[in-house]
Amino acid sequence: MIDWGRTCLITVTMLGGLLTLASLLIWVERRLLGIWQERCGPNRVGPGGILQPLADMIKMFTKEDWIPPFADKVVFVLTPAIVVVTTLMTFAVVPIAPGFIVADVNVGILFFLAMSSLAAYSVIVGGWASNSKFAFLGSLRATAQLISYEVFMGLSLMGTVALAGSFSLTDIVEAQRGLWFIVPQFLGFIIFFIAGLAETHRAPFDVPEAEAELVAGYHAEYSGMKFGMFFVGEYLSITLLSAMIVILFFGGWHGPVLPPVLWFLLKTSVFIALIILIRGTWPRLRFDQFLSFSWKVLIPLALINLVVTGGIVLARNG
Amino acid sequence: MEILFYIAASVAVLATLRVITHLHAVHALLYLIVALIASALIFYLLGAPFAAALEIIVYAGAIMVLFIFVVMLLNQGPLTVEQERRWLSPGIWIGPSLLAFVLLGEAFYVIMAEHAPSHDLVYVQPKEVAISLYGPYMIAIELASMLLLAGLIGAYHMGRRRGKERR
C-alpha cells in the first residue's frame, strides 16, 4: 500500500523546492544574461540582487489585475493555471534520487508527453480568449509550432525506451548505470533538446510571443499575477526540460563521490544554464523556416534514429 | 478504487453532456477535452495505463488541438451562438433520447443478466500491448498505417503550391 507520510513529505518538498526554484530562476536568468552580455543585471535588491524575485512578486501582486472587457472571461482566467498545473503534475514522475519520487508509474515518459501536450492549451486557448489580434496571431503560431514539435519529441525518446526496455523513468535511470544514453543516443538527445526548447517556446523558438512583431504574443492582454503565472510556468518548464534531459540521457542521479540528489541537481542546473545561454546568444528563428526544419529534417532524423536503435537492440538480444 | 471510477465516469458524462448542450463551439471543445481526460483516467483505473497515456497524447493533446485550431480560425461570433440556439430546440431531442434510452435499457439488462463483467482487473503492461499489436493484430496496424500515409500524401498534394514555388 502507499506510504502516505512519505509520499506527502516528498510532494511537499518537491512543491516547495520547485516554486522557490522557479522564482529564483527569474533572478538567475537575468543575472546570467547580464553577465554574458557584459552588463550587471539586477544587483540592487539584497546581496547580489537575490531578492529581486521578491520585489518582482510584490510588484506583480500590487499591479492592477485587468481583464479586458472583450475577453472570454472564464477561459481567460483559467488558462494561466493550465501550464503551471500540468508542469507540476509532470514532476510527480520525475525521480530525483533512488526512491525519491512521488509516483513511480510504469508509463513515466508517456505521462510526461501527455502533460506537455496538455500544457500547450494554456498558450493556444489563452491567446484565443484574449480576443485581440496580436494575442490571436501568437496563439495561431503556437498551435502550429507545438503540434509540429510534439510529433517527434515522442519519437526521439523511443530510442531511449528501446535501449532501457521500459517507459518507467526510474528503470531508464537504472539502465544507465554503466553507460549514459548520451553516447548511444546522441542524435536522440539533440532532437529531444530542440523539440523541448520548442515545446517550452523559449528563444530561439519564441515566435508565439515575439515581442518585436506581436507585442507580447499570446499573453499580450495578461497583466498582474496572471501574467506572472505564465512566467512561473515557463521557468517550471525549463526546469522540467533540464530534469528530463538529465534523466533520459545523462544518467539521472548516477555519478561518483557526491550523493545522488546533489548529482541530479548539479546536472539539472547545468542544463538550465545552457538553456539561458542559448536564449542570450541565438537570434529568433523565422517561423516558416523552423516549421519546415521540423517536418523535413528532424522527423526523418528521429525516424532513422529509432530504426537504427531498434535494429541494434534486436541484433544484440539475438 | 471503485469510488474513483464513479467520480471519473460522472465527470466524463457531465462534460460530454455540456459538449452537446453548450452553444459556444470553443467552450464545447474545452468540455470535450475534460471528457477525454476523464476517460483516460477510467482507462488507467481499469488497468490500462498505456491506453490512458495514449488517450491524452493523441486525442486530448493532438486531435483536439487541431479542432480548436480550426474553430479558432473560423472565429465564430455571437451570430453562430444564436444559430446554435435555434438548432438546439427541444423538439430535436426526442429522437436521440429515445434511441439512447433503448441503449440504456439494453445496458441495464446486460449488467443484470448472469454474465455480468467480472471485477477482477488485469493490469496490462505496455509491453503486452506492443506484443499483441505487432503479433495477432499486425495486418490491422499495417492497414491503418497505409491509410494514414495515403491521407498524408493527399494532404500534401492539396497543400502544394501550384505555379511559382516559394520556400
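Reply: Two residues are said to be in contact if their C-beta atoms, placed from the backbone, lie within 7 Å. Please note that this is a predicted model.

Me: Which residues are in contact with B:A53, leaving aside its neighbours within four places in sequence?

Reply: B:A53 is in contact with A:V107, A:L110, A:F111 and A:A114, once neighbours within four places in sequence are set aside. B:A53 is also listed with A:L110, A:F111, A:A114, A:I124, A:I247 and B:I56 among the residues with the most contacts inside the largest nonpolar core, which has 119 residues.

Me: How many residues does each chain bring to the contact, and what gives the most on the side of chain B?

Reply: Chain A brings 17 residues and chain B brings 15 residues. On the side of chain B that touches chain A, helix α3 (residues 49-74) gives the most, with 12 residues. That side consists of 13 nonpolar residues, two polar and no charged.

Me: Why is A:I26 called buried?

Reply: The cut-off for a buried residue is 20 or more other C-beta atoms within 10 Å. A:I26 has 20 such atoms within 10 Å, and therefore counts as buried. A:I26 is placed in helix α1 (residues 4-36) of chain A. Leaving aside neighbours within four places in sequence, A:I26 is in contact with A:Q52, A:P53, A:D56 and A:Y235.

Me: What makes A:E38 count as exposed?

Reply: A:E38 has 6 C-beta neighbours inside 10 Å, so A:E38 counts as exposed. A:E38 is in the loop between α1 and α2 (52-62) of chain A. Its phi is near 55°, a positive value in a residue other than glycine.

Me: How do you know that the length of helix α11 (residues 287-317) of chain A agrees with its number of residues?

Reply: At 1.5 Å a residue, the 31 residues of helix α11 of chain A should span 45 Å. The end C-alpha atoms are 43 Å apart, so the two values agree.

Me: What makes helix α9 (residues 224-249) of chain A mostly covered, and how does its reach stand against the expected value?

Reply: In α9(A), 23 of its 26 residues are buried, and on that count the helix is mostly covered. From first C-alpha to last, α9(A) reaches 38 Å, close to the 38 Å expected at 1.5 Å a residue. Just after α9(A), A:G251 takes a positive phi of about 75°.

Me: What is the secondary structure of chain B, and how is chain B divided into domains?

Reply: Chain B has seven helices and zero strands. Chain B is divided into domain 1 (1-89) and domain 2 (125-160), and 25 Å separate the centres of these domains, taken over C-alpha atoms. Of the 167 residues in chain B, 18% are buried. Among the contacts in chain B with a separation of 6 or more, 59% join residues 24 or more positions apart.

Methods:
Residues numbered from 1 in each chain as written. Chains lettered and ligands numbered in written order. Predicted model: local features only at pLDDT ≥ 70, side-chain atom pairs only at ≥ 80, totals over all residues. Helix = DSSP H or I, 4+ residues; strand = E, 2+ residues; numbered from the N terminus. Nonpolar A, V, L, I, M, F, W, Y, C, P; charged D, E, K, R; others polar. Expected span 1.5 Å × (residues − 1). Buried ≥ 20, exposed ≤ 12 C-beta atoms within 10 Å, placed from the backbone. Core = buried A, V, L, I, M, F, W, Y, C linked by C-beta atoms within 7 Å. Domains from an automatic or database assignment.
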